[in-house]
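I opened my notebook for a friendly look at a structure that is new to me. Here is what I looked up.

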Amino acid sequence: MDTTRMEALIGMVTVLAILVLLVLPAAIGIARDRRIDRQLREAEQERPEDQKSSSKPTVPSTATWYAEGRRSKKLVSS
């Protein structure tokens, strides 16, 4: 193998390595998203039908709590 072919081979390997470094994170992200989607689908199928709606009481947000407090103060001061 002469010098020209060796340089061409090194250049080609370098370009392929850079391509792999650029594509690898995207491929890993796609695989991770597919795995999570599959897990969510399986969990949804395993859940009984009567538990689909949330039966937990909701906790009011801080903004709701603050607004309720402001309303009660207005009623007291009126």
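This is a predicted model: local features need pLDDT of at least 70, side-chain atom pairs count only at pLDDT 80 or more; totals for chains, interfaces and linings use all residues.

Residues are numbered from 1 along each chain as its sequence is written, and side-chain values use heavy atoms, with hydrogens and water left out.

I found two helices and zero strands (DSSP runs, H or I of at least four residues for helices, E of at least two for strands).

I checked burial next: 0% of the 78 residues count as buried (under 20% relative accessible area; exposed is over 50%, partly exposed in between, with a 1.4 Å probe and protein chains only).

I looked up M1, which lies in the segment before α1 (3–46). M1 counts as exposed because its relative accessibility is 76%.

I then turned to R38 in helix α1. R38 is partly exposed because its relative accessibility is 43%.
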